[in-house]
Amino acid sequence: MWILAIQRLCFEFIFDILFFPFWWYSAGLLRVVIWAQQMIARVNQQFAPGLWIKNLFVPMFGQTDRQGRLMSVFMRFANFVGRSIALFIWTVLVIGLVLLWVILPILFVLGAIDALTI
Amino acid sequence: MGDIANPFCFGSNRRVDHLTMDFQKNPNIPVLPCQTCQMTGAVGMKGCHTCKGYMVARAARDNVYFFGMALTRHHLALQRARRGLYVFEMIGALIFTGLAFLFFWWTTRPTLSMATAIDGLQYSSGHGFFSSYFWIEVDHPGKAFFFLGLLGICGLIYRYMRSHTAPAEVEMRPYRQDAVKEKEKVLGDWKQVKNFPHNSQIDIVKAYTSGAKLSIERAYALADAQNSSQLQAEHVFVALLEHMDVKGIFIRLGIPVKLLSAKISEGFVAQKGNRAPLPNDDVIQILFHAYEQAYDAREPQVHVTELLLATVGQSSHIQGILYDIEVDNEKLYGVVEWVRIRNKLRRQYHATLRAGSHVSKHGIDKAMTAVATPFLNHFSTDLTLASMYGHHEPCVARDKEIDEIFRIVEAGRQSIVLVGEHGVGKRSIIEGIVERMIQDVVPKRMQDKRLVQISTSALLAGTTVSGAQERLLHMAQEIAKAKNIILCIHNISDLMGGSADAPGLDVAGTLSDLMRSGNILVLATSTVDGFNKHISRSRLASAMTRVNIKEMETDQAIQVLQAKAGYIEYTHNVFFSYNSLAAAVEYAKRFFHDQCLPQSAIEIISEVASYTKNTRGEHVLVSQDDVARVTGEKTGIPTTSLTENEADKLLHLEDEMHKRVVGQFEAVNSVANALRRARMQVRSLDRPMANFLFLGSTGVGKTELAKTIAEVYFGGEEQMIRVDMSEYQNTDSIYRLIGQPGKQGTGLLTEAVRQKPFSLVLLDELEKAHPRILDIFLQVFDDGRLTDSVGRVIDFTNTIIIATSNAGTAFIQSAIREHKNMEDIRKTLFSQELKQHFRPEFINRFDGVVVFKPLLLDDIKHIAGIMLARVEAELDEKGMKFRVTEEGLSTLAQHGYDPEYGARPMRRAIQDHVENAIAEILLRGEASRGETIVYDGEHGVYVE
């Protein structure tokens, strides 16, 4: 039985090595994408640019006079833009990380091949 | 709002069919085992074609469930080896990466130095490893090692992520369908299984935690080591005992794990041969029942706790052993619930902290439409902020009430008042609401708001009623403007009841106007008394919806203690057993009526923790006896386990009582039996321990017997509350018994029993009281409770009530003289004599009506002996001895015997014939230390 188990283990060991690239671009990539989604959603919840644009014409801090309303629209728009940019940068960073996940192993392999084929 | 309560659902929503003492056998789950592969998943070297590796399956809830882990020697050995392989691969990848970078450095070292030099000349940037020239211009095969090293890091990530996959989740049991029990479906063959859609085929082992899977592996290894042909429930149980969580459970139950393991292992019989064990039917049932346990409890995974419950539920043998060591179904489920509550609280705490990071710390909503409230902030506390920083304690077992509050808010009512007694957990409910507000699982009207509690003392400080009203109006303006504030007012009745010229405040009108304006949502609390007095008839009542907060049930209170025990354990460095918590709740319910559950029980366990630390040191398990001892000290009620001495004393209670009471065997026996029943708790707990009516002429020992009981059982005559009923001859005197209306502590009886709940109540000369007065005792005798003039319920369940009466004395004496049978005397007494004084329903309420017989000459002689023993003791203190001859006793008996007055003349006889003479002897100095004074009747008293 032990021989069978060792045989199986050897097979699994080889399978594990061979499965590495397949896993990286299937289950692994899926987990990274889900993680990226969660990270973006969390920061979206934090910055909430949608909430700012939704309340664009709602006066801030209860300032319902004309000046207050006007200033509020500008402030909200500025906030919306600033927060959207921050969210966009964050999204780009996170997507960049996902892309790195995709590209890096290929780059490493190509780099190694390139170094060896002189 | 739907299932808003889901993330907070604690034990209160659990199914309650396990709250019985006896273990219940798991209901049989119809499973389809694969006959082809014998549930091994393989035929020879190949996978099973019949079951496709499902091995055993069941159908339920439109799904088919299977256990995808083959329980065979080969598979489990492979599983163990696989874990080793993972470690090997991790180490291998680490070594590979390290070596690759090392080779890279080793092979490219000279080139790097050269490249750095050239780089300095041509590129003017980079240095060493970061040399641009090296990476762009130089072709060196050593670079391949660097890239291989990076691939090695990818390999490490791959290996780590693959072996750290979170278990799948058990499906969520739908809420509000608790009552629906689904009918089990029976699978006929494997074709039916294959007909299920792929996403309805659930491998339950994927929802097992690694600990639970490891326990099953250990169980198999154990069965294999025993050469057992079957993997049995007992193997699973013993294997579970090795897991830390299960060990913790049995430690909480006060059971040594090693002893339990040894006891279960006794049943294992080592067999010859080398057959690989196969799981028997019980184990298959356990595997599926563990999943069902998790499903029922809405646990996300199948932990060892679920496996434990399923195992115990499946094996009568284990149930028998557990029952023998005093672990029953209720206790086991109670401790498992404790583990679950702790896990859930931990998860919830982290969720709240995480959610709190998105909430403003400055009291502004996300859209910044809110306005700052500086004036309000001055008089209030922001509960949302406090909760975000973890300053609130968890709210447990109050999901029903919180859901009700949310329903009211959703329905559009403006304000809510929680009405309940002190200590029922009104504040805890508010804190539970705050926690849900932070996590945003509240009705829309409450989302993105903050809960602010007004400090009534700050509001009233240094101002008049009109000043406070002005403050309140100012705050209301701020709140209306801010639009993100929910107001919380604890004990709202404190703000009522005053007037312009009286102390206190009356802002009912102001508050109700504010609430009606629709700008403020108020969550208030009030005691029942406060609500009835100040709110129910004010304008506020119509502006607020009342939610009654009832006192918790025992199992809910235990859950609260389980949630709070962690902090108390941490503070005092002791550990609570489950029994200690259950006992705290039980004693709190029985003996501390001034406060409600769970507050009363929380106070007990806090005190017990401190007591245990001081008496037995740190790191010890708080037992039920510790709780009993502290409760006993606080109340004077014996609650500890019976010691051998006490048991012996109780068994010979009659002998002890007869040292003071002569004759009256029926009375003594009745009382002794009642005391034994009370101590061993073989009695109804919602009535007094016993209530007797002693009938008989004066001097026969009625009061003496009551005093003896107080001495023997209650620890002293000072524990006797004596009420002379001749003082209550008119109806107005009832207020002396239960107190003047509205004046606290003025009832002689109620206050005495409140102070001494464990006592003997002697109602002397009962027949002399007004019949209306006697009526209040009907309720005392029946329910063991009496409400005093201020509405407090006084508990009589730990008292013995003895009423004495001379009613029918003349009849008893004449009947005895005529040598009538005692049973006939009793019948006549009941049917004729007693009816003149007491109503039949009153007499019926007594546990026993005992007729004291008139004393005979011999009895009197015996009593004289007892009384003279006191004289002997007094002389002994003076260093002298005292002796009475038989003749002396007979003479005294003749002097002191009067059938009409019982033993009372004897006291006078002893005074006249013995004590007076002794006093004269002592005054004359005729007796000195060491001499004996004798009374022999014929010569009177003399010095021997």
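Start with B:Ile605: leaving aside residues up to four places away in sequence, it touches B:Leu561, B:Ala565, B:Ile568, B:Phe576, B:Leu581 and B:Ala584. Keep in mind that what you're looking at is a predicted model. B:Ile605, B:Leu561 and B:Ala584 turn up again, along with B:Leu760, as the residues with the most contacts inside the largest nonpolar core, a set of 248 residues. The biggest contribution to this core comes from α23(B), which gives nine residues. Apart from that core lies another one, of 15 residues, and among them are A:Trp24, B:Phe145, B:Leu150 and B:Tyr158.

Now follow the chain out of α23(B). The loop between α23 (578-591) and α24 (599-616) of chain B holds B:Pro598, and the peptide bond joining B:Leu597 to B:Pro598 is cis, with omega about 5°. Past α24 there's another backbone detail to look at. B:His619 has a positive phi, near 55°, in a residue other than glycine. Find it in the loop between α24 and β16 (621-622) of chain B. Is B:His619 buried or exposed? With 9 other C-beta atoms within 10 Å, B:His619 is exposed, because 12 or fewer is what that label takes.

B:Lys52 also has a positive phi, about 55°, although it isn't a glycine. Its place is the loop between β3 (46-47) and β4 (56-60) of chain B. B:Lys52 has 15 C-beta neighbours inside 10 Å, so it counts as partly exposed.

Next, go to helix α31 of chain B, residues 748-755. Which of its residues are buried? They include B:Leu749, B:Thr750 and B:Val753. These three cover an arc of only 95° around the axis, so they sit on the same side of α31(B). Why does that spacing work? An α-helix has 3.6 residues a turn, so residues three or four places apart point the same way.

B:Phe882 and B:Val884 form its covered face, while B:Lys881 and B:Arg883 form the uncovered one. β24(B) runs parallel to strand β25 of chain B (residues 932-935), and four bridges join the two. If you want one pair to look for, B:Val884 has B:Tyr935 of β25(B) as its bridge partner.

Zoom out to the whole of chain B. Its secondary structure comes to 38 helices and 26 strands. The radius of gyration is 40 Å, well over the 30 Å that the globule rule gives for 944 residues, so chain B is more spread out than a compact globule. Along the principal axes, the C-alpha atoms of chain B fill a box of roughly 140 × 90 × 65 Å. Buried residues make up 42% of the chain. Among contacts in chain B between residues at least 6 apart in sequence, 76% join residues at least 24 apart.

Chain A is built from four helices and zero strands. The C-alpha trace of chain A spans about 85 × 45 × 15 Å along its principal axes, and 14% of its residues count as buried. Of the contacts in chain A with a separation of 6 or more, 71% are between residues 24 or more positions apart.

Finally, bring the two chains together. How many residues of chain A are in contact with chain B? There are 30, and they meet 29 residues of chain B. On the chain A side, α1 (2-24), α2 (27-47) and α4 (66-116) each supply at least two residues. The helix that gives the most is α1(A), with 10 residues. By residue type, the side of chain A that touches chain B divides into 20 nonpolar, six polar and four charged.

Conventions: Residues numbered from 1 in each chain as written. Chains lettered and ligands numbered in written order. Predicted model: local features only at pLDDT ≥ 70, side-chain atom pairs only at ≥ 80, totals over all residues. Contact = placed C-beta atoms within 7 Å. Nonpolar A, V, L, I, M, F, W, Y, C, P; charged D, E, K, R; others polar. Rg over C-alpha atoms; globule rule 2.2 N^0.38 Å. Buried ≥ 20, exposed ≤ 12 C-beta atoms within 10 Å, placed from the backbone. Arc of directions from axis to C-beta. Pairing = 2+ DSSP bridges. Core = buried A, V, L, I, M, F, W, Y, C linked by C-beta atoms within 7 Å.
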